Amino acid sequence: MIKFDRVSKRYPGSFDAIKNITFEINQGDLVFVTGASGAGKSTLLKLIAGLERPTSGTVLINNQNVSQLKAAAIPYLRRNFGLIFQDHKLLYNRNCFENVALPLHINGILGEEAAKRIRAALDKVGLLSKEKSMPITLSGGEQQRLAIARAVVSRPAILIADEPTGNLDENYATDILGFLYAFQQVGVTVIIACHELPQNIPENMQNAMKVLHLQHGELSA
Amino acid sequence: MSGISTTQFSKYNAKIAKNRATSEPAWVRWTLIAAALLYLSLFLFMPLAAVFTEALRKGVDTYISALVDADALSAMKLTFIAALIAVPLNLVFGVAAAWAIAKFEFKGKSILITLIDLPFAVSPVIAGLIYVLIFGLQGWFGQWLSDHDLKVIFAIPGIVLATIFVTFPFVARELIPLMQAQGKDEEEAALVLGASGWQILWRVTLPNIKWGLLYGVILTNARAMGEFGAVSVVSGHIRGLTNTMPLHVEILYNEYNYAAAFAAASVLALLALVTLVLKSIVEWYAARSARAIEQN
């Protein structure tokens, strides 16, 4: 479902952030993108999510060539993804419920149906009792869980998490990874970028697991 | 804050507040308040009261007949038309300009900011004259306009243009600092969630700036209805045709028709009062929603 063929990405006035990368990700895979800071992890995720276009090579997502998509079609491509960031990117002047509502509203889902799905998503990450709280009052781990609820509420086929545990202490980090693994178990493709492979990956998951290790923008085995 | 409980802490704070070096003796505070009130009554309340007393001096009948007079009604209509066109245009322009300035880096940004301030810096009379020089019969486009039987100066289009010019900074000036303070994080979040440009504007940007926007619109409207200088130059003062309310007041006053002049002025004063009330309501709501965010 995601296919990179000799993809490179160069930012204007800069070096190649990604060099000649080829790989394939299938539905239901658990993928770790690892590497040091500046190795190109975020660029790779942005290319997958259609936030950047490749300088050369082809990126196929659900058999659609991202380079050839019209600008107006890109937002629709993005709705296939749920994105989670290290800094959460929450809307701090809206409460938890409204934060999770945003992707549904973007997709034109409103009213009862939306409310039902928002509460289900909040329940899944253990934040249902805080639906009226403002994000600023939540702990770092809770904010990240809220971000996960927002990422999954529109039932995306692919979840992308960019260093989702970067700012969290170990207990919270295990917590967050647990949620992500749970989504992989129900058939969602989960792509996680992190410095190194997390410890304690459950055994049953290791079969479906794929690791893309980046070094200076290139894949290394 | 280990070792000190919250109650202890707040008692401690209260003590500091009482003995603060910055709190003035009572007589100083009251003198300052009295001075402020005296100043306000002298320059604001008294003139306002005078407008209504003068307007009603010859009785309610004269007051009403001055207001339902054909010329007065036409002046009111024209004032509303000018505001009705200028306010929405400046709303769109203000949001677009503030959005570009607050969220993007581009060449010529400081020039754009300076240009937005231009109407504040230029005398409204000069602004009116500029339009006369451009669109007047002897102006740049004067010949072309008259060949095509179009009239801008001494007609409604000129009045609308002058009103737009003098009111265009209000919305933008209100929104730029607000949007700069909010940053781009939320728009970026919506973008990665798959929102299109319009959806970001409707679902994220506008809800975040709604109070500032409303405040800017109220100020724009107040100025649009009250503008005298620029409109006076381009209007030509044709009764029943190109007179706005402020111009109508001036004409009546110059004709020594004080009761009618003050009656018309009282309508403008009432509009100003309504504006102030609306402004306070908006400020109250904005402060309340800001508090709600902080407290939660």
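The largest cavity here has a volume of about 60 Å³. This is a predicted model, where local features need pLDDT of at least 70 and side-chain atom pairs count only at pLDDT 80 or more, while totals for chains, interfaces and linings use all residues. Residues are numbered from 1 along each chain as its sequence is written, with chains lettered from A in the order in which they are written.

So what's a cavity? On a 1 Å grid over the protein atoms alone, it's a set of points where a 1.4 Å probe fits but cannot get out, and lining residues have an atom within 4 Å of a point. The volume is the space filled by probe spheres set on the points, which are joined across faces, edges and corners. Searching the whole structure turns up three cavities of 30 Å³ or more.

Around the largest cavity sit R79(A), F81(A), G82(A), P103(A), N107(A), R150(A), A151(A), S154(A) and L193(B). In chain A, strand 6 (81–85) and helix 5 (140–152) each give at least two residues to this lining. Helices (H or I, at least four residues) and strands (E, at least two) are DSSP runs, numbered from the N terminus.

The second largest cavity holds about 40 Å³ of space. Its lining includes T79(B), A82(B), M225(B) and E227(B). Helix 11 of chain B brings the largest share of that lining, three residues.

Here are the linings by class (Ala, Val, Leu, Ile, Met, Phe, Trp, Tyr, Cys and Pro are nonpolar; Asp, Glu, Lys and Arg charged; the others, Gly among them, polar):

| Cavity | Lining residues by class |
|---|---|
| Largest cavity | four nonpolar, three polar, two charged residues |
| Second largest cavity | five nonpolar, four polar, one charged residues |

Definitions and conventions:
Heavy atoms only, no water. 1 Å grid on protein atoms, 1.4 Å probe; cavity = no way out; pocket = protein on both sides within 12 Å on 5 of 7 lines; lining within 4 Å.
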